Amino acid sequence: MMKNSLDVSTLIVGAGPVGAMLALALAQAGVKSAIVDTCDPAQVVETTFDGRTLAISHGSHLIFKALGLWEEISAFVEPIKKIHISQANHLGYVHYDEKDSNGFAMGYIIENRHLRRILFKAIFNHPLIQCCIPDEVKSLNRQPFFIEATLEQQEKIKVPLVVAADGRNSITRQQAGLKAHAWSYHQLALVGMLKTEFPHENIAFEHFLPSGPLALLPMQNNLCSFVWSVDRQYGEHLLALSEQEFSAQLQATFGDYLGKFELVSQRWSYPLGGVLVPQLIAERLALIGDAAHVIHPVAGQGLNLGFRDAVTLAEVLVDAARVGMDIGSAQILERYQRWRRFDVLTLTGVTDLLIRSFSNDSKLLGNLRMIGLRLTNRLPVLKQVMTQHAMGLLGEKPRLLQGLPL
Ligand SMILES: Cc1cc2nc3c(=O)[nH]c(=O)nc-3n(C[C@H](O)[C@H](O)[C@H](O)COP(=O)(O)OP(=O)(O)OC[C@H]3O[C@@H](n4cnc5c(N)ncnc54)[C@H](O)[C@@H]3O)c2cc1C
């Protein structure tokens, strides 16, 4: 038997960090939503499920503060106080510290599983969020003034707007017929956790090599997480090594600045690619997070970009709802798309350029990169612009990104 229709304003497909943030931002402003995810939350937060650690930017930390979640999250983060960027076989480096970021931490590292656990708890406990997890959207029936969704568990949901937050292979995006340009970097990101002989002193290291970048990120208890992007074949070889052999290879690649390495976790691997979606909206549909764009993890920005989608969309919808407008109308969705376009395109372009210009061993490009790194290090204005972008603070900022309530 069919259950009753749910009385909500928005249906969010995907309760990853970005979908969950949208639900919470809407709920904070009194807007009800339903959120559907196929996953089993208990499995997602298991230690073995996902080895990713995430760099949360200063801007994203302001959003969490405004949503009242930062206190809980802060118990699991390690702040980044300095960033050191260098390249193999060439001189030149860039060093950022708190002087470049007006005394704020440059970002915070957290294990994905902790972030997801906190977000799941927040959405499950909020009275204005109807969680349909695990469940799946069976069909979306588009009508002129609403969309009717039928869920696998036979729930029917009639809403003016559906939001796709279902990740890089978004079924919701595909079903709406929105084109996506996808490409592969032919790289694997190997991730895991290390114990280092010397303390990390809250420095994040990004070391560019012809085979791809190696990042070492400061974690709690003086551990470091690594994100080592390598071409696929070499990656398979590294995964097959014993723990000691792997640690030795990683050590040889990074150098001895942090002393001896010891691998203290299993290794995970993620194939790397990018996705650019020219249209972030369709009829009564908006895309956010990885459903809207996928970028290389080199700058640790993909999720932060998605959080900015979520809070921008929340602001556009809440402002429209407050003056009685139809939140799924083309006019409202266009406003969201216009607002997000510049940030998405610039970050996609910059990360792609970084990977293509650094992941090769051309002598000429090596020298150009060296000049670029030296110039950046010596030009305070350029450094500050780059820091502001990495902190997620460039451009027109939605209210939550300024730490203000909706
Ligand atoms: C190695 C690596 C390191 C990274 N490091 C960083 C970093 O330091 N900082 C940073 O900002 N970003 C980083 N990223 C990027 C970041 O992980 C992603 O941008 C982020 O996870 C995207 O979040 P999301 O909520 O959009 O999608 P996802 O996290 O993919 O969540 C999508 C959700 O949708 C659900 N779903 C899928 N299909 C359906 C369906 N049909 N119906 C219902 N639900 C569905 C899934 O179960 C999932 O819960 C990294 C990525 C990689 C690979």
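Guide: Helices (H or I, at least four residues) and strands (E, at least two) are DSSP runs, numbered from the N terminus. By that rule, Asn221 lies in the loop between strand 16 (212–218) and strand 17 (223–231). This is a predicted model, in which local features need pLDDT of at least 70, side-chain atom pairs count only at pLDDT 80 or more, and totals for chains, interfaces and linings use all residues. Residues are numbered from 1 along each chain as its sequence is written.

Visitor: Why is Asn221 called exposed?

Guide: A residue is exposed if 12 or fewer other C-beta atoms, placed from the backbone, lie within 10 Å of its own, buried if 20 or more do, and partly exposed in between. Asn221 has 8, so it is exposed. Its phi is near 60°, a positive value in a residue other than glycine.

Visitor: What makes strand 2 and strand 3 a pair?

Guide: Two strands pair if DSSP finds at least two bridges between them. Four bridges join strand 2 (residues 10–13) to strand 3 (residues 33–36), so they pair. The two strands run parallel, and Val13 has Val36 in strand 3 as its bridge partner.

Visitor: What makes strand 9 and strand 20 edge strands?

Guide: The open sheet of six strands has the order 9-3-2-13-21-20, with mixed pairing. Strand 9 (129–132) and strand 20 (281–282) each have a single partner strand, so one side of each has no neighbour in the sheet.

Visitor: What is in contact with Ile288?

Guide: Contact means that two C-beta atoms, placed from the backbone, lie within 7 Å. Beyond four places in sequence, the contacts of Ile288 include Val18, Leu22, Val163 and Leu313. Ile288 is also one of the residues that touch the most other members of the largest nonpolar core, which has 110 residues. Such a core is a set of buried Ala, Val, Leu, Ile, Met, Phe, Trp, Tyr and Cys residues joined through C-beta atoms within 7 Å. Helix 9 (residues 302–322) gives the most to this core, with 10 residues.
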